[in-house]
Amino acid sequence: METEADPGKRLKVAIIGGGLVGSLSACYFAKRSQNVDLYEYREDIRASKHVRGRSINLSLSARGIRALKEVGLDDQLVNHHGIPMKGRMIHNLNGSQRPILYDPRSLQCIYSVSRRYLNEVLLTAIEKNFNVNLHFSHRLISANLQEGSMTFQLTDTNETVHKKADLIIGADGAFSTVRRHFMKQPMFNFSQTYIEHGYVELCMPPGQDGEFAMKPNYLHVWPRGNFMMIALPNQDRSWTITLFMPLSDFEALDSPTRLLKFFSQHFPDSIPLIGKHQLVTDFFSTKPSTLLSIKCSPYHVGGSALIIGDAAHAMVPFYGQGMNAGFEDCRLLDQLILKYEDMPVALKEFSAVRNRDAEAICDLAMYNYLEMRDLVNRRSFLLRKKVDNLLFWLLPNIWVPLYLSVTFTDIGYRECMENKFWQDKVIRQAVLALGVLATAMCAVGFFQWCKASFDVDAEVSNPVQTA
Ligand SMILES: Cc1cc2nc3c(=O)[nH]c(=O)nc-3n(C[C@H](O)[C@H](O)[C@H](O)COP(=O)(O)OP(=O)(O)OC[C@H]3O[C@@H](n4cnc5c(N)ncnc54)[C@H](O)[C@@H]3O)c2cc1C
């Protein structure tokens, strides 16, 4: 049930950052009839030709979809725009391909969505609310989090403006200015880790028939041990390809000849599909981007400020959960504000509940890079996947494999992780028990064989007695 704030008690909420998470958060506050001002550093992306920023498309999964559903946007974004991906399509070095389904029952999938389209739909949805004002080209430069005062620089005129709010929501991404002000608070902990790998985005155009050049309903992966390439489908039948690799290896690819040699060694099947010219042009048109993971706590300052999304928990992109987790933040925050009707209590609870889950998904995202680029090629991994699938089929409520619980449920990320530890332990113990059983059976067999041999020997050496 939607609850409307009493006009006298309407909060003045300032959301910093009109990216994916800030825009969705604005939809939630608008739905509760609070007065919302959304401040975004960039100009309105709906009016701009080129949008700076990361990945062209993203995978949207259950947590994100559920949050979008609560503001009535799931149908437009998932059913009318998203391209379903039912599993990974692994590209071997010899050009052969093998699918690994996400859900062995083929019931669930993730969706490839365009970052820009998603952001535009969210901004347009916010604008339909009378109680929301969008302020583009507003860069937050300083804030007093307890007092709710903020200073912005207008990027088009360089003018400085001062604003006030009851609640400041920092959804201003991994390099958050709001979080920088949290640093001055006592007991605020912060850590960031850059990984040694970076990424470059390339484009695979549609085939000559105008259709997808590869099987569309998969996330394509070229796992090559220490590096990998992935591809997600786009609405216009092209693919966005991302090459993840150590930054030092990128540096070594400093000429078209070296690049093409590298691709023909490691991704030969992709060259005719991308096209040599496009590959070289895309690759050398940008520098590799870096990847980092951020952990911090708490996420709130009293009842007057909160950080969400990447500002609170940026993660490496290998679980496809950064945006999904940020969307889940918006849903959880809404639930807690409704439940407690007391902002300091709700924000404190948000920090407590969300921090342990956010840190778990940051760690899982690091782990998943290893799985995607290397483990998927190993027999032990494929065997474990088969065991997981069998147990999931037999005990669907008890044995939910890690990827499924993270991607297709809203079980807390920490619980998903603990569940995996428990499953690993059960499997280790089962393997140990099987080992002991097999050893015992071998020992019994050996004993019986020795006994039988002894009896035969006794018969041969003493025929009279045995007769
Ligand atoms: C290569 C790559 C692939 C990814 N793939 C996936 C995926 O498949 N699935 C998934 O769930 N996640 C994915 N992610 C993660 C996802 O992109 C982020 O988690 C998500 O964008 C976070 O949204 P956000 O709104 O918190 O931050 P952002 O998207 O960074 O938005 C922050 C906004 O704040 C604005 N801003 C910044 N500073 C200020 C300021 N001082 N004043 C005003 N405004 C400001 C920025 O202009 C921006 O619009 C991927 C990330 C990368 C790098």
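Start with Asn324. Its side chain reaches the backbone oxygen of Ser59 at 3.0 Å. That is a polar contact, meaning a pair of N or O atoms within 3.5 Å; within protein, one must be able to donate a hydrogen and the other to accept it, and residues adjacent in sequence count only if both atoms are side-chain atoms.

Before going on, the ground rules. This is a predicted model: local features need pLDDT of at least 70, side-chain atom pairs count only at pLDDT 80 or more, and totals for chains, interfaces and linings use all residues. Residues are numbered from 1 along each chain as its sequence is written, and side-chain values use heavy atoms, with hydrogens and water left out.

Back to Asn324. The residue sits in helix 11, residues 322–340. Helices here are DSSP runs of H or I with at least four residues, strands are runs of E with at least two, and both are numbered from the N terminus. Buried or exposed? Asn324 is buried, at 0% relative accessibility. Buried means under 20% relative accessible area, exposed over 50%, and partly exposed in between, with a 1.4 Å probe and protein chains only. Which residues touch Asn324, leaving aside neighbours within four places in sequence? Ser59, Leu60, Ser61, Arg63, Gly64 and Tyr413. Contact means heavy atoms within 4.5 Å.

Next, the cores. A nonpolar core is a set of buried Ala, Val, Leu, Ile, Met, Phe, Trp, Tyr and Cys residues joined through side-chain atoms within 4.5 Å. The largest one has 74 residues. Those with the most contacts inside it are Ile15, Leu24, Phe29, Leu60, Met150, Ile169 and Phe327. Helix 1, residues 20–31, gives the most to this core: eight residues. Take Leu24. Not counting residues up to four places away in sequence, Leu24 touches Ala67, Leu68, Val71, Leu122, Phe327 and Cys330. There is also a second, separate core of 39 residues, which includes Val221, Leu232, Cys362 and Tyr403.

Val221 takes us to strand 14, residues 219–223. Five of its five residues are buried, so the strand is largely enclosed by the rest of the structure. Leu219, Val221 and Pro223 point one way; His220 and Trp222 point the other way.

What does strand 14 pair with? Two strands pair if DSSP finds at least two bridges between them. Three bridges join strand 14 to strand 5, residues 87–91, and those two run parallel. Ile90 has Val221 as its bridge partner there. Four bridges join strand 14 to strand 15, residues 228–233, running antiparallel. His220 stands opposite Ala231 in strand 15. Strands 14 and 15 form a hairpin with four residues between them. Gly225, in the turn, has a positive phi of about 85 degrees.

Strand 10, residues 149–154, pairs with strand 11 over five bridges. Thr151 stands opposite His162 in strand 11.

Helix 4 next, residues 115–127. It has 13 residues and reaches 19 Å from its first C-alpha to its last. That is close to the expected 18 Å, where the expected span is 1.5 Å times one less than the number of residues. Its buried residues include Leu118, Leu122 and Leu123. Leu123 is in contact with Asp44, as is Phe136. Asp44 lies in the loop between strand 2 (35–39) and strand 3 (57–60). Asp44 is buried, with a relative accessible area of 19%.

Last, backbone checks. Most residues other than glycine have a negative phi, and most peptide bonds are trans. Ser106 has a positive phi of about 60 degrees, in the loop between strand 6 (97–101) and strand 7 (110–114). Glu341 has a positive phi near 50 degrees. It is in the loop between helix 11 and helix 12 (343–373), and exposed at 73% relative accessible area. The peptide bond from Ser297 to Pro298 is cis, with omega near -10 degrees. Pro298 is in the loop between strand 17 (289–297) and strand 18 (300–301).
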